[in-house]
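Please look over the chain below before reading on.

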Amino acid sequence: MQQLLLFEDEIPDIRQIRRDKIKSNTYITEGMSEHHKRELRYENLHLSKGMIFTDEHGFAQVAPYNGELPLLNQIYPYTERSKLDGFGQGLHSFVTDYQFAKSLWDRLYTKTLSLSKFDLLFGPDYSFFVNPQYKFTSEQGIYRNRFITAYWQLCGLNVVPTATYGDVNSFKWCYEGLPEESILAVGNETVHVSHHSSVTLWQWSMRELEEQKRPTMLLVYGKRIEIPGIQTPIQYIDGYIKKHFRNGKNHQ
């Protein structure tokens, strides 16, 4: 078999390929009235081309990801994105919502172009509130998580889907739209290890996630909390507290 050698200037620019894919994955609005364009852009619907939505809550259905992962020490928070070149690196949003949520959703297309330099993205991790008055906010967070993840996937980016949960009642719908038999990411920085109920809910939520979605691996950002009975392989990514306070030793 003849082997073809590529000169350096002939090697495909993976970043440009990603950007071209992003630019092509929008509804063509030429010829539409301004009213129709605004309707499409409301809630980023002009970026929903090719998405499939669930029947129950209308969440975008996310595809599984079982591809390569960067070294765990090469996975960085969204807040450090501008300092990084993206090669061999992953980007997560296990940070406070105000640091990513509004700017990412309001400028999803342009943010996606800039984030396409990363070899791996994690689905955005919106906060989940268990208080009844915040149920809409939690559902909206799940909707946007699935929508952005599906959009990034349709743009040809490598994306690990991210799961989140609230109370026991949320188990009926909080994993809706996540893929089966996929690597899944989840954060547990908010679990209070000194509170039995908080730890028990975390363990229960992960067993429920395993039962519903049969993940091939769990990437846990945060604390190493034992989950009795779980069969899924788990890899841990050190969270902010462990990295910056060394398990509390530097905490004043």
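This is a predicted model: local features need pLDDT of at least 70, side-chain atom pairs count only at pLDDT 80 or more; totals for chains, interfaces and linings use all residues.

Residues are numbered from 1 along each chain as its sequence is written, and side-chain values use heavy atoms, with hydrogens and water left out.

**Whole chain**

The chain has 7 helices and 8 strands. Helices (H or I, at least four residues) and strands (E, at least two) are DSSP runs, numbered from the N terminus. Of its 252 residues, 46% count as buried. Buried means under 20% relative accessible area, with exposed over 50% and partly exposed in between (1.4 Å probe, protein chains only). The accessible surface of the chain is about 14,300 Å², and carbon and sulfur atoms hold 52% of that. Such areas come from the Shrake-Rupley method with a 1.4 Å probe; for residues, only the protein chains shown count as cover. Take the contacts between residues at least 6 apart in sequence: 67% of them join residues at least 24 apart. A contact means heavy atoms within 4.5 Å.

**Paired strands**

Two strands pair if DSSP finds at least two bridges between them. The table lists pairings.

| Strands | Sense | Bridges |
|---|---|---|
| E5 (residues 162-163) and E6 (residues 183-187) | parallel | 2 bridges |
| E6 and E7 (residues 217-222) | parallel | 5 bridges |
| E7 and E8 (residues 234-238) | parallel | 5 bridges |

In E6, Val-186 is the bridge partner of Ala-163. Val-186 also stands opposite Val-220 in E7. From E6 the chain passes through helix H6 (residues 196-213) to E7, and this β-α-β crossover is right-handed. That is, with the strands pointing away from the viewer, the path from the first strand over the helix to the second runs clockwise. Further on, Leu-219 has Gln-235 in E8 as its bridge partner.

How many residues of E6 are buried? The count is 4 of 5, and the strand is mostly covered. In E7, 6 of the 6 residues are buried, so E7 is largely enclosed by the rest of the structure.

**Helix H4**

Which residues of helix H4 (residues 108-115) are buried? They are Leu-108, Lys-111, Thr-112 and Leu-115. These residues lie on the same side of H4 because they cover an arc of only 105 degrees around the axis. The arc is that of the directions from the helix axis to the C-beta atoms. Their cover includes helices H1 (14-24), H3 (101-106) and H5 (135-154), along with strands E2 (90-92) and E3 (120-122).
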